[in-house]
Amino acid sequence: MTFDLSALTQPIVGAPMAGASTPELVAATNAAGGLGFLAAGYRTAEQMHEQIVRTRELTDRPFGINLFSPQHQRSADQADEIAAYAEVLAPFAEQVGAAVGKPEFNDDDFEAKIDILVDDPIELVTFTFGAIPADVIQRLQRSGSTVGFTVTSADEARRAEDLGAQLLIAQGANAGGHRGTWSMTVEPNTLPAATVIERVRRVTPLPLIGAGGVGSGADVQELLDAGADAVAVGTLLVASHESASPEAYKDALTSGRYTETMLTRAFSGRFAQGLANELMRAGDPEAPNAYPDVHYMTAPIRAAGGKSGDASVLALWAGAGYQSATRRPAQQIIDELVAGLT
């Protein structure tokens, strides 16, 4: 049975955010009448399952989980560029007392995660970064899960529906974090979420979650009016009390220190949008499109920066609504967003 977005008390989805999403954030989003999401990205299958178990202890309402679709390996093709990028990162590693991480390619424990989700299903499983094998989708659906995909265009929406998707997340260029484009090498489009939703809605009747640029209730209303059935909130929840993001990240979002966002490969090798800090500006011109190799290169630097409170080396993912971010409980953030909806 397909998960019904219309069953939500409020048309709000807590966007899955690797490194920020927690069972506590899922529970708070659910308590506010929305749909909470866990992020399985960069976790082992065992860690993912532990978070599912913990989430069930905190909420008896449905929730979702997002996985990264496995990517094509580009390590060998990009070897020279990867080596050169290590030199760009070296001063930032030294700055925080870390070392540049070893480039690594893997599938993010994908098969093991699928096995767990088939054996112990949850209501909604979504995928970001492109297609997955049709038999994986069928296995999840037979276990009782609704399967969805992040898309950034009408073409990607058609392809997802052809694979058997039952729900779509229509993501605009004004979203924070990684762009969910199905190609790692093509630069993402610059269309705002409302336009992406309108274009996707023309080609499919599937339930839509709109994602991108939410900083106010008016932004939520705009995406609903464009054709979304619910709206994802990400950047505002990064700053919430329940988020696992480093304190330096939350401070950067809310202090006004950083005043511009950029689309960059500097932190992971895939295009993502965040506050333009020192590492991003230095790394952006040189970063190769090798994912997740670059992620593992910057991971020790980011971890050390998070511990020391140095926001200049963090991946400060943020969308267009980041200036509205405040440090408070997630339920208060959501309550304010939905207060004036029609």
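**Figure 1. Contacts across the sequence in the predicted model of the protein.** Among contacts between residues at least 6 apart in sequence, 67% join residues at least 24 apart. The predicted model contains 13 helices and eleven strands. Its radius of gyration is 19 Å, close to the 20 Å that the globule rule gives for 342 residues, so the protein is as compact as a globular protein of that length. Along the principal axes, the C-alpha atoms fill a box of roughly 50 × 45 × 40 Å. Of the 342 residues, 56% count as buried. The protein exposes about 13300 Å², and carbon and sulfur atoms supply 48% of this area. The mean positions of its 24 positive and 42 negative charges lie 2 Å apart.

**Figure 2. The largest nonpolar core and the surroundings of Phe149.** In soluble globular proteins, nonpolar side chains tend to be buried together. The largest nonpolar core of this protein has 107 residues. Those with the most contacts inside the core are Ile65, Leu67, Leu117, Phe127, Phe149, Leu168 and Leu253. With neighbours within four places in sequence left aside, the residues in contact with Phe149 include Phe127, Ile132, Ile137, Leu163, Leu167, Leu168, Ile169 and Trp182. Gly130, Ala131, Ala160 and Ala165 are also among the contacts of Phe149.

**Figure 3. Leu67 in strand S3.** Strand S3 spans residues 64–68 and includes Leu67. Leu67 counts as buried because its relative accessibility is 1%, under the 20% cut-off. Not counting residues up to four places away in sequence, Leu67 touches Ala40, Phe110, Lys113, Ile114, Leu117, Val125, Thr126, Phe127 and Thr128. Val186 is 119 residues from Leu67 along the chain, and the C-alpha atoms of the two are separated by 21 Å.

**Figure 4. Helix H1 and the elements packed against it.** Helix H1, residues 23–31, is mostly covered, with seven of its nine residues buried. The buried residues are Pro23, Leu25, Val26, Ala27, Ala28, Thr29 and Asn30. They pack against strand S1 (12–14), strand S2 (37–39), helix H2 (45–58), H9 and helix H13 (330–338). Just after H1, Gly33 takes a positive phi of about 100 degrees.

**Figure 5. Thr235 in helix H9.** Helix H9 covers residues 235–238, and Thr235 is placed in this helix. Thr235 is buried, with a relative accessible area of 11%. Apart from neighbours within four places in sequence, Thr235 is in contact with Gly176, Leu253, Ala318, Gly319 and Tyr322. Thr235 and Leu253 are 18 residues apart in sequence, and their C-alpha atoms are 8.6 Å apart in space.

Figure 6. Most residues other than glycine have a negative phi, and most peptide bonds are trans. Asp108, although not a glycine, has a positive phi of about 60 degrees. The peptide bond from Tyr291 to Pro292 is cis, with omega near 5 degrees.

How values were computed: Residues are numbered from 1 along each chain as its sequence is written. This is a predicted model: local features need pLDDT of at least 70, side-chain atom pairs count only at pLDDT 80 or more; totals for chains, interfaces and linings use all residues. Side-chain values use heavy atoms; hydrogens and water are left out. A nonpolar core is a set of buried Ala, Val, Leu, Ile, Met, Phe, Trp, Tyr and Cys residues joined through side-chain atoms within 4.5 Å. Buried means under 20% relative accessible area, exposed over 50%, partly exposed in between (1.4 Å probe, protein chains only). Contact means heavy atoms within 4.5 Å. Helices (H or I, at least four residues) and strands (E, at least two) are DSSP runs, numbered from the N terminus. The radius of gyration is taken over C-alpha atoms; the globule rule is 2.2 Å times the number of residues to the power 0.38. Accessible areas come from the Shrake-Rupley method with a 1.4 Å probe; for residues, only the protein chains shown count as cover. Lys and Arg count as positive and Asp and Glu as negative; His and the chain ends are not counted. The place of a charge is taken as NZ of Lys, CZ of Arg, CG of Asp or CD of Glu.
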